[in-house]
Amino acid sequence: MLLSLSTTFYFQPYYSLLAANSTDLKSSRVSLSINENIGVVGIKSSADRADISSSLMPKGRHHSEDVINYSKNGTGNMPLSDKSSVRPAALTIKGRHDAIDESSSSKNGNARVTCSNTEYKPENWMLPGQAEDTLNQLNLAIVGHVDSGKSTLSGRLLHLLGRISQKELHKNEKEAKLQGKGSFAYAWALDESTEERERGITMTVAVAYFDSKKYHVVVLDSPGHKDFVPNMISGAAQADAAVLVIDASVGSFEAGMDSAKGQTREHAQLIRSFGVDQIIVAINKMDAVDYSKERFDLIKQQLGTFLRSCGFRDSSIILIPLSAMENQNLVASPSDVRLLSWYHGPYLLDAIDSLQPPMRDFSKPVLMPICDVLKLSLGQVSACGKLEAGALRSGSKVLVMPSGNVGIVRSLERDSHACSFARAGDNVAVSLQGIDGSLVTAGGMLCHPDFPVAVAKHLELKVLVLDVTTPILIGSQLEFHVHHAKEAARVVRMLSLLDPKTGKVTKKAPRCLTTKQTAVVEVALRGPVCVEEFSSCKALGRVFLRALGRTIAVGIVTRIIEEQD
Ligand code: GTP
Ligand code: MG
């Protein structure tokens, strides 16, 4: 048996409980805890996830090239980034169909009785007004190989930006020293659990906040250890951009790039597959290599080649040499002459401010994949996650899927503070009333009552197979991931092999799939998940297949074959 689904969700303070401690607003947890080794996938996937036909498109938006060909029938060749940019009404969440998408649904006997997207009219409050003077929110995933310094870097940034008090830093320094782990003082601002501190590794995604000149940044500090890759998904799935942290030390960079075990590779592929196309590469621990330009250049050259192969464009990659430990090049230009003598680019905070604002789907019916559920008193619950589309406010009715029950939004919290509304892109905790809390589950979805998301367990996927040692066959048991949901899955059909460049079918009914092949397959899931075809909604149509603790394929949903009633 290839996988285990014994995932435990435990409900720690994610957003709301932190409000109880007003001095401790800097971090909270995405409390997805995985019992067994189940890794994550990387995809050479496509365009910007926020590229879902936003009607409010910021200037200077990015277009990225699709590495897999995403056309619906598995044979076309148009990058979706292009498609969506010319097809602003193409969102086809159930009830969000446009004419182009009708054909494939009905062809499959799967036509949904839906309202056209144009029938949905957002109310005024749902759209950001010109006069609103708030910073754009940027969800920034901090990813990279184990021990590369992600938490230290995050902790240092938070301290430099005043989000961690001197008192707290001293406390962490003292306690870390006592445990013989003095070098982890900054990391402990993020690694708060006893086990994380004892083991010296991050296990769950820590969430923290700071403001830059341009953004209200939500830091998602991910675990790098391979056993906790699934936990990283919960953060990566919400990311608008990423900082990939590299350990520049001799041997460590190389370990991260190891094709079998290196999380630099897996994380980069994963983050790209989630549609993130802007990446800052923080070449950390430059102090350990004497701020050597030669070492930086070597890493830059090797990583550049790899990141391009993942589908990142050169213009969307920023590489910065820095030292989290010695505070070089984080929020100001370096002071160490060894670095200063040859590096004249941006420092990290500058680079964050140079990222393109994420596009948001404000004018679509609300859609929020549930990342986490907080149990409140009297059986009430808060659903936590990032709004992928639309807006919510107190009193909004929401359909909770897959249960199909309607609840009412009682209150909302953003960054541990009560707020009166939330819009696409916001990470919020939505406390619900009028619904049995047990029906609200992580991996589920909050949506507009008139525009329910599809719920299905038989899907056609277009996948790119990553480095695998065992070929994928009909009958292969896999772990299927989509947004925050996962299910056991079985490959039931292998329809075709595709030319990765042209998208043309090169072979029908292949017997097996191996490394780097692109193929169209059908999978049957053990239980239903909330899902959409990628052409309808990118965020809900990106999938990852894992087996034996490793991501073996990344892909998109090309067809929902069997929908649940
Ligand atoms: P995981 O979350 O477990 O993957 O680790 P991480 O990437 O968060 O690394 P962490 O911040 O826990 O740091 C790991 C070790 O690297 C600690 O001993 C840090 O002190 C050390 N470290 C972090 N940044 C630097 C740096 O800039 N220079 C040097 N020399 N060491 C560093
Ligand atoms: Mg860490």
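At 10% relative accessibility, D426 counts as buried, where buried means under 20% relative accessible area, exposed over 50% and partly exposed in between, with a 1.4 Å probe and protein chains only. D426 belongs to the loop between strand 17 (421–423) and strand 18 (427–433). Leaving out residues up to four places away in sequence, D426 touches Q137, G385, K386, L387 and R414, a contact being heavy atoms within 4.5 Å.

Before we tour the rest, here is how to read it. This is a predicted model, in which local features need pLDDT of at least 70 and side-chain atom pairs count only at pLDDT 80 or more, while totals for chains, interfaces and linings use all residues. Residues are numbered from 1 along each chain as its sequence is written, chains are lettered from A and ligands numbered from 1 in the order in which they are written, and side-chain values use heavy atoms, with hydrogens and water left out.

**The overall picture**

- The protein has 12 helices and 28 strands; these are DSSP runs numbered from the N terminus, with helices being H or I of at least four residues and strands being E of at least two.
- Of its 565 residues, 62% count as buried.
- Among contacts with a separation of 6 or more, 74% are between residues 24 or more positions apart.

**The magnesium site and helix 3**

- Which residues are the protein donors of the magnesium ion (ligand 2)? They are S151, through OG, and T202, through OG1, at 1.9 to 2.0 Å from the ion.
- Donors here are N, O and S atoms within 2.8 Å of the metal (3.2 Å for Na, K and Ca), and water is not among the atoms, so sites may look incomplete.
- S151 lies in helix 3 (residues 150–160) and T202 in the loop between helix 5 (194–199) and strand 5 (205–211), so this pair ties together parts that are 51 residues apart in sequence.
- Both S151 and T202 are buried.
- Helix 3 is largely enclosed by the rest of the structure, because 10 of its 11 residues are buried; among them are K150, T152, L153 and H159.
- Just after helix 3 comes G162, with a positive phi of about 80°.

**Aromatic rings**

- Three aromatic pairs turn up in a search of the whole structure. Rings of Phe, Tyr and Trp (its six-membered ring) pair if their centres lie within 6.5 Å; planes under 30 degrees apart count as stacked, over 60 as edge-to-face and the rest as tilted.
- F296 and W342 make a tilted pair, 5.3 Å centre to centre with 45° between the planes.
- F296 sits in helix 9 (residues 293–310) and W342 in the loop between helix 10 (337–340) and helix 11 (348–353), so the pair ties together parts 46 residues apart in sequence.
- W342 also forms an edge-to-face pair with Y343, at 6.2 Å and 80°.
- Ring pairs therefore link F296, W342 and Y343 into a cluster, and each member is buried: F296 has a relative accessible area of 5%, W342 of 17% and Y343 of 9%.

- The largest nonpolar core has 71 residues, and I271, I283 and L303 have the most contacts inside it. Such a core is a set of buried Ala, Val, Leu, Ile, Met, Phe, Trp, Tyr and Cys residues joined through side-chain atoms within 4.5 Å.
- A second, separate core of 30 residues includes V468, A485, M494 and A547.
- Beyond its neighbours within four places in sequence, I283 contacts residues including I246, F296, L303 and L322.
- Helix 8 (residues 263–273) has 10 of its 11 residues buried, so it is largely enclosed by the rest of the structure; I271 and R272 are among the buried ones.
- The charged end of R272 sits over the ring of F312, 5.6 Å from its centre; this calls for NZ of Lys or CZ of Arg within 6 Å of the ring centre and within 35 degrees of the ring normal.

**Backbone details to look for**

- D290 is not a glycine, yet has a positive phi of about 55°; Y291 also has a positive phi, near 55°.
- Are D290 and Y291 buried or exposed? D290 is exposed at 51% relative accessible area, whereas Y291 is buried at 1%.
- The peptide bond from M401 to P402 is cis, with omega near 10°.
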